[in-house]
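User: I would like to learn how to read disulfides and strand pairing in a model. Could you take me through them step by step?

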Amino acid sequence: MQLRTLEGLALLLTGLSTSEATPFRPGASDLLVPPPPPPPGPVPGREDSHPPPQPREEAKTPVAHVANGTYLGLWNEKYDQDFFLGVPYAKPPVGDLRFAAPEPLDEAFEEPRPATEYGWMCIGYGSDTSALGNPVSEDCLTLNIVRPAGYKAGDDLPVGVWVHGGSYVNGGSRDPRYNLSYIVDQSVEIRKPMIAVSINYRLSYWGFLFSEEMQQEGAGNVAFKDQRLALQWISDNIAAFGGSPDKVTIWGESAGARSLGMQLIAYDGQHNGLFRGAVLQSGSPVAVFKGAAEWQPYFDALSAKTGCGDVGDRLGCLRQLPWQTLNDVFNNTNPLGVASPIFTAVIDGDFMTDQGANLLKQGKFAKVALLTGNNFDEGTAYGRQGINTDAEFQAWLSSLGLNTQQISDIEAIYPDNPLLGIPAFLIGRPPTVPYGAQFKRAAAFAGDYQQHAGRRLLAESYAAAGLPVFSYLWNVHVNGLPIVFGATHFQEVAFVFNNVNGDGYAINPFATKPESFVELADLMSKMWAAFIHSGSPELNKCKVWPQYTLEKPNNIVFDVNRTALHYVEKDDYREEGISYLLNNIFV
């Protein structure tokens, strides 16, 4: 997606530069993911279809024997869970492996190694990283495993693999907002126990740089190949932790969901059984992909700036530079002065062979169960603020790479009519400063362009293939945000994780809100756990979330203002605009 357009909330609330602006994601605190406190009451029983956990000997260290050695984990008494943290899944991507496809581990070790602390975050730029104190390193390709205590190798629990967002430029698995203990506990409570895994992957130019030289080496889409290798490591080793390699569900939000959308269409849909289901929250594989030719000017300028421009092997030279030299360019301390394409997949003829929308329409995607959705007002996080005239609206569309005809068509489809913009509940126009008189217009277009069009095509494509599809919309106004942003991007994450204490948030999204907010978090987190466990979000025999089909393309809508906390409606909003985007832009 067009990350460089995401200036509204990012500039207002995260302080990012316009060159790396991201949708608003409430800043993480400087907590380093301590185990969360347990809720009151006893720990409920577990799913009858799985063997009961073995009794825990006091203070016994959990052990896992993986392919290349043994890891010693950490038992969390409060939650009665086992943690294995900071486990490497690839060789460190340094030296000759910088700007290269990741390589699997190939050395065994005899002495057991501790897995009791989170690994370094991958180098990134933005509040999701800086708020945690910038604990970054190039040597960052690690994962974390959380399981209910008492399970062991051979117990074949389902596995949910969380991939964090952050607009591909920042974030990491140690972020306390992504504390896996809460949802694992929810899975135990509904007697559908699961193991949860979170991963790191390379970010910004460290994971998205591309050029003709890199294409020749098969070094395109290296961030997504990091994720793929993590999934392969999980497939090869999760049984040692009590998980089943045949019951893996990939799960992410924003750039994490977009990443997993890429995994769905990677290699024309060949996924080698690495996962059986996917949860995509506010993200899809629909974007405008570029290739090596579009990236070459940036690569050339980077080589020249860093003293590698005149050497025979420019890529090799970049790989041997001190990381700080590149970091100063990437973080604009020593700015390059040349813009790169946006961060997304590149067409490299290997991992990615075509535009994402085309691959979906051609049926070239992984045939797995799908849970996907969007928030009502995604576009308020992406729409350009400060647009007051038609000319300014046109200029913004042009900056996204749209041509004259496309701009004219979009102006007609998304007119300057506040009744048709978003948030729909907001009557009239928001304040001109800072939002702009045409903010609702910009937000409506931006939300469809960045989010809603991709979700609809993804749901329709999977439904057309006869696969189980569960689609949602989310309409909740959380604490701590100006009302003009409505039910905006990222805000459902705390509900899915059942993070009702707001761990890691600068402002607790549940504070001052009624009990219905906590009830919705309880419901959603259990539905997500149920889907990861069995491929369906239903919690009992009373079906409340209908499958999305071409005959009945329905979304469940989560809304705290409804007695049941949800309702069902047809997926036909802004049909003209979304159809235009899918048939004329994302092709």
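User: Is Cys140 buried or exposed?

Analyst: Before the answer, a word on the basis: this is a predicted model, in which local features need pLDDT of at least 70, side-chain atom pairs count only at pLDDT 80 or more, and totals for chains, interfaces and linings use all residues. Residues are numbered from 1 along each chain as its sequence is written, and side-chain values use heavy atoms, with hydrogens and water left out. Buried means under 20% relative accessible area, exposed over 50%, and partly exposed in between, with a 1.4 Å probe and protein chains only. Cys140 counts as buried because its relative accessibility is 1%.

User: Which residue does a disulfide join to Cys140?

Analyst: A disulfide is a pair of cysteine sulfur atoms within 2.5 Å. Here Cys140 is joined to Cys122, with an S to S distance of 2.0 Å, and the link is right-handed, with 90° about the S-S bond. The two cysteines lie 18 residues apart and connect distant parts of the chain, Cys122 being in strand E6 (residues 121–122) and Cys140 in the loop between strand E7 (136–137) and strand E8 (142–148). Strands (E, at least two residues) are DSSP runs, numbered from the N terminus. Cys122 is buried as well, at a relative accessible area of 2%.

User: How many disulfides does a search of the whole structure find?

Analyst: The search finds 2. Besides the pair already described, Cys308 is bonded to Cys317, again with S to S 2.0 Å, and this link is left-handed, at -70° about the S-S bond. Cys308 counts as buried, since its relative accessibility is 0%. With the bonded cysteines numbered in sequence order, the pairing reads 1-2, 3-4.

User: Why is strand E4 largely enclosed by the rest of the structure?

Analyst: Strand E4 (residues 81–88) is largely enclosed because 6 of its 8 residues are buried. E4 pairs with E8 in the antiparallel sense over 6 bridges, with Thr142 in E8 as the bridge partner of Pro88.

Conventions: Helix = DSSP H or I, 4+ residues; strand = E, 2+ residues; numbered from the N terminus. Pairing = 2+ DSSP bridges.
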